[in-house]
Amino acid sequence: MIAEHKPGADGTVRWSDGPPAPVLAAIVAALTVALFETSRGKWSDALIDSGREWIVPDAIARGQLLYRDVVYWFGPFTPYFQAAFLRVFGSGFAALVVAGAVAGLAVMALVFAVLRRVAGRRAAAQWTALTIPVLVFMPNAGGVLLGMGYRIWHAAGFALAGVLIASGAGRSRWRAIAAGVCAGLAGLCRTEWGLVAVAAAALACIVRPRRRRDGILDAAIVAAAYGATFGAGLGHFLFHAGAAAVLDDGHVLLTGLPAETRHFLVAFSGLPDWRSGVPELLYSAAMWTGLFLLVALLARGPGSDRGKLLGALGGVFTILALTALAGGAGSAVLYSAAPLVCLAALVTGMRRRRGSAAAALAACGSLGLVLSYRRPFHIGDSAYVGPPLIFALISASGLLHVAIGLRRQAKQRWRLAAALRWTVAALVVLAFAGRLCQYASIESVPIAGTSGMLSAGAETARELEQLGSAIRRGTAEGDGLVVFPEGELLNFLSGRPNPIRHMLYLPGYLTAANEPAVLAELARARPAAIVLWRRPVSEYDRGLFGGDYGQDIRKWIEENYRLEPFRAAGAPRRPVPRFVLGLRRSD
């Protein structure tokens, strides 16, 4: 029940009711600790990508140079940031989680600061709390603690910082320079994020001031600072590692991407399934719009236009029914409205024309809209979607704040604001409860040696632990190990590093064009052990390594290694073992 308090004399909304902020903060902190303990080790798949996020900063921590000694497809910031934690805390997954937690705290602080600009302090606190269960602890490698999303979480943090700085009140050349530097750092995480971040910061500069000419000048300074920062960072590696290692092997400027990678991008986006994706997007948008209208109807006071609200609700329910019949009521309806929410925020911010709040709202809307290219349809818990959803949540909060301001009477504004505040509080509770139940339902056991930060099914965990032990017994300290097509966790569990530059052998990373170079590296390094993991890679339009691709490498392995199917003791006998362990033949 909403308490009846009068709005401020100036017509603004006051947040005097409700529990004190320290109490709310303590509750959210306790829920976060509980969620961390429940979800620990379940954030990402142990074999897919998790090991990749360790092996690259581990190589840097051991003195290797990115691009020259380790082929890497993205900007250099993230692996060097993580390598610093590995040097301090030891090379392991616990150190990676510490690095992820530090980055997560920084991003949450920036989220709060931007939300405060577009929606006010109390709303900012609630929406920031909502991001914790929804995004920070997103499973399937979508969160910030452990998984393949590190690079885009870091980029999102710099993009938020750029927007916050660029949308600040007053004109300052140094502010524009700082915003451009942040965009350049976002580009040094992922190139495409830097391009979108500099465009968003420039847009904030144009929307913010009264004189559009001042904004255009600031936007030009932002672009120049971005170019200088990104150019200096990348130039360092171009000089020390060589252009071929950075631009050709690493594709850092997004040029020459293999056909397999382009296929994966299209397949993951859901674009081929747009006929069901569009209804799902519209269904999700109508669902959240309907919730807002229902709250507004319940919060209406004397003099409110009840008929208009009922008419709008009727229209929304009609859309829900039609899109449900078209297949829109799928399993991904919670997030699928994100692109439309961001578009609405962009348009709203542009129409308001000036001011810090309008500039930040327009910039965040543009960021969320463009960055949804990776997953515009069927948005659910997975990698690549968490950081873009940050901007959708900020956009939603800003749009609700604008909707409150459209109420003519101060008391009506207060009633709607209070009702929305309790609604968001309920969403926070439901989000924490949902994540706790979701993670609690995952049956897995910690993998020994990972400090409990990675887990798997009991059979898989036992198999990985025993395979790591078998590799250690069959090799000597300092010997090398290469795992095809991925599964770098085995390098960690066995304590055997990968001795060659190319450390990932999925389609796209391993192609017909670079296979001779990878094979030459293998022949020179002659690692003591090789593991073949029978992992189908249909998402890249290929089958198994050594069958649909990598045939020459597989042939060389068979000629130079004694291959034995690996079967863990006590595990059920599989018709086709998942792993084959190869030890180098005597010369």
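Mentor: Start with R496, which counts as buried because its relative accessibility is 6%. Keep in mind that this is a predicted model.

Trainee: Which residue does R496 form a salt bridge with?

Mentor: The partner is E477, and the closest N and O atoms of the two are 3.7 Å apart. R496 sits in the loop between α19 and α20, while E477 is in the loop between α18 (458–474) and β3 (481–484). The pair links distant parts of the chain, 19 residues apart.

Trainee: And E477, is that buried or exposed?

Mentor: E477 counts as exposed, at 69% relative accessibility.

Trainee: Why do such residues pair in general?

Mentor: Side chains of opposite charge can pair when their charged atoms come close.

Trainee: How many salt bridges does a search of the whole structure find?

Mentor: The search finds 15 salt bridges. One of them joins the side chains of D249 and R501, at 3.1 Å from N to O. D249 belongs to helix α10 (residues 243–249), R501 to the loop between α19 (489–494) and α20 (515–525), and the two are 252 residues apart.

Trainee: How accessible is D249?

Mentor: D249 has a relative accessible area of 27%, so D249 is partly exposed.

Trainee: OK, another pair. What does R435 meet in a salt bridge?

Mentor: The side chain of R435 meets that of D381, with 2.8 Å from N to O. R435 is in helix α17 (residues 410–440) and D381 in the loop between α15 and α16 (386–405), so this bridge ties together parts that are 54 residues apart in sequence.

Trainee: Are R435 and D381 buried or partly exposed?

Mentor: R435 is buried, because its relative accessible area is 6%. D381 has 23%, so D381 is partly exposed.

Trainee: Switching to the surface. Which residues form the nonpolar patch?

Mentor: W274, V278, L282, I319, L340, L343 and V347 form the patch. Together they have about 540 Å² of accessible area.

Trainee: Which helices each supply at least two residues of the patch?

Mentor: Those are α12 (274–298) and α14 (338–352). L282, for instance, lies in α12. L282 counts as partly exposed because its relative accessibility is 39%.

Trainee: Now helix packing. At what angle do α7 and α9 cross?

Mentor: Helix α7 (residues 173–187) and helix α9 (residues 212–241) cross at roughly 40 degrees, and their axes come within 7 Å. The angle therefore makes α7 oblique to α9. The crossing of α7 past α9 is right-handed.

Trainee: And what about α8 and α15? How do they pack?

Mentor: Helix α8 (residues 191–207) and helix α15 (residues 356–371) pack at about 155 degrees, with axes 8 Å apart. The two are therefore roughly antiparallel to each other. Here too the crossing, α8 past α15, is right-handed.

Trainee: Where is the place of N140?

Mentor: N140 is in the loop between α5 (121–136) and α6 (150–166). At 47% relative accessibility, N140 counts as partly exposed.

Trainee: What is the phi of Y384?

Mentor: Y384 has a positive phi of about 80 degrees, and Y384 is not a glycine. Y384 lies in the loop between α15 and α16. Y384 counts as buried, because its relative accessibility is 15%.

Trainee: And which residues does a cis peptide bond join?

Mentor: The cis bond joins F484 and P485, with omega about -5 degrees. P485 lies in the loop between β3 and α19.

Trainee: Last topic, distances. How far apart are the C-alpha atoms of F36 and F137?

Mentor: Their C-alpha atoms are separated by 8.0 Å, and the residues are 101 apart along the chain. F36 lies in helix α1 (residues 21–39). F36 counts as partly exposed at 23% relative accessibility.

Technical notes. Residues numbered from 1 in each chain as written. Predicted model: local features only at pLDDT ≥ 70, side-chain atom pairs only at ≥ 80, totals over all residues. Heavy atoms only, no water. Patch = residues over 30% accessible without salt bridge, like charges linked within 9 Å, V, L, I, M, F, W, Y side chains within 5 Å. Areas by Shrake-Rupley, 256 points an atom, 1.4 Å probe, with all protein chains shown as cover. Salt bridge = Lys/Arg side-chain N within 4 Å of Asp/Glu carboxyl O. Helix = DSSP H or I, 4+ residues; strand = E, 2+ residues; numbered from the N terminus. Buried < 20%, exposed > 50% of the residue type's maximum accessible area, 1.4 Å probe, protein only. Axes fitted to C-alpha atoms, helices over the stretch in contact; angles between N-to-C directions. Parallel < 35°, antiparallel > 145°, perpendicular 65-115°, else oblique. Left-handed = near helix turned anticlockwise from the far one by under 90°.
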